[in-house]
Amino acid sequence: MSKPINQAIEQTGKIILGKHTAIRQAISCLLAGGHLLIEDIPGVGKTTLAQALAQTMGLAYQRIQFTSDLLPGDIIGTSVYDRSEGSFRFHPGPIFSQMVLADEVNRATPKTQSALLEAMEEQQVTIDGETRALPEPFFVIATQNPVEHEGTYRLPEAQLDRFLFKIKIDYPNVEQEVSILQNAGTRAGKLEIDEVGAVVTADEIMEFQDLVHQVIVEPQLLHYIATIVDKTRAHSSLYLGASPRASLAILRASRAFAALEGRDFVTPEDIHEVVYPVLTHRIILSPEKEMEGVKPETVIRQIVDSVEVPR
């Protein structure tokens, strides 16, 4: 599995320069069967990352621009009356794709955001009392801007919990930005992403997802995961700790990271790789710590450091 996936990482890295960690996190999220939330400022490549992944992974791709006037039917589809047949015919929405980019997801109303809940959790949508299955594999990448809050609707905890990972891409360094400028100057109006081909197929991704489930996790590592999550529920800096769904998410994600490394077993290092993107959006700081400017990552680091690593 590691060879074609490494090729996909390499191909995507040609578009998203210097963001090896973010690319690996996104691909491991896909292989774990989860969904990805990217929270970062505009212009750092959130949308481009989704497009590049869809291209290299050979997945059918749809982008939904979330706005305040977007309706649930604009996402999942609607039934339209066909006069010639004298009956209603269902027209599927953009959610019926293998990779869906929910761009600026927090700009839509809670009613519209909720249209994603069933799709992300059960890989199906129910319309007019009829349940329709979504394509396989099914992967949602949502983006949001953490700085601009005017005209936005904060994602509820139930919605956030549907995302396996929450990650950032961050600014490029100076050398990477120079490379971006050089590439832009030599493109002659052509899109760089068009030159990236598929190195993996949708069927292969589903095979890889099955392999991820077979990765071995020793009992002491299961206890390690459970202990870390349990400590979030009693930490003095947190108003709300992580649920058992977080433990399951760490388990799934650590298996995917191990598989990326070509191993059929999980190590503590794999757990350390995934614990931050898994827990960051699943814990809530106490009001006092939030006012002090404490970051969730800082609290997670304290918890991880306080738990003995099994060997």
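**Exercise 1. Describe how helices H2 and H11 pack, giving the angle and the distance between their axes.**

Solution. H2 and H11 pack with their axes 8 Å apart and at an angle of about 115°, where axes are lines fitted to C-alpha atoms, for helices over the stretch in contact, and angles run from 0 to 180 degrees between N-to-C directions. That makes H2 roughly perpendicular to H11, since angles of 65 to 115 degrees count as roughly perpendicular, under 35 as roughly parallel, over 145 as roughly antiparallel and the rest as oblique. The helices themselves (H or I, at least four residues), like the strands (E, at least two), are DSSP runs numbered from the N terminus.

The model is a predicted one, in which local features need pLDDT of at least 70 and side-chain atom pairs count only at pLDDT 80 or more, while totals for chains, interfaces and linings use all residues. Residues are numbered from 1 along each chain as its sequence is written, and side-chain values use heavy atoms, with hydrogens and water left out.

**Exercise 2. Which residues make the contact of H11 with H12, and how are the two helices oriented?**

Solution. Start with the geometry: the axes of H11 and H12 are 8 Å apart, and the helices pack at an angle of about 135°, so they are oblique to each other. Next, list the residues in contact, meaning heavy atoms within 4.5 Å: H11 contributes Ala246, Ala249, Ile250, Ala253, Ser254, Phe257 and Ala258, and H12 contributes Asp270, Ile271, Glu273, Val274, Val275, Val278 and Leu279. Finally, sort them: the residues of this contact divide into eleven nonpolar, one polar and two charged, with Ala, Val, Leu, Ile, Met, Phe, Trp, Tyr, Cys and Pro counting as nonpolar, Asp, Glu, Lys and Arg as charged, and the others, Gly among them, as polar.

**Exercise 3. Find the salt-bridge partner of glutamate 261 and state where the two residues lie.**

Solution. A salt bridge is a side-chain nitrogen of Lys or Arg within 4 Å of a carboxyl oxygen of Asp or Glu, and the structure holds twelve of them. Glutamate 261 pairs with arginine 24, their closest N and O atoms being 2.6 Å apart. The pair links distant parts of the chain, 237 residues apart, with glutamate 261 in the loop between helix H11 (244-260) and helix H12 (268-279) and arginine 24 in helix H2 (residues 20-31). Arginine 24 is buried at 12% relative accessibility, whereas glutamate 261 is partly exposed at 45%; buried means under 20% relative accessible area, exposed over 50%, and partly exposed in between (1.4 Å probe, protein chains only).

**Exercise 4. Which parts of the chain does the salt bridge between aspartate 161 and arginine 282 tie together?**

Solution. The closest N and O atoms of aspartate 161 and arginine 282 are 2.7 Å apart. Aspartate 161 lies in the loop between H7 and E9 and arginine 282 in the loop between H12 and strand E11 (284-285), so the pair ties together parts that are 121 residues apart in sequence. Aspartate 161 is buried at 16% relative accessibility, and arginine 282 is buried at 8%. Both residues belong to a network of salt bridges that links Glu121, Asp161, Arg162, Arg245 and Arg282.

**Exercise 5. Is phenylalanine 139 buried or exposed?**

Solution. Phenylalanine 139 is found in strand E8 (residues 139-144), and at 1% relative accessibility it counts as buried. Leaving aside neighbours within four places in sequence, phenylalanine 139 is in contact with residues including Ala26, Cys29, Leu30 and Met99.
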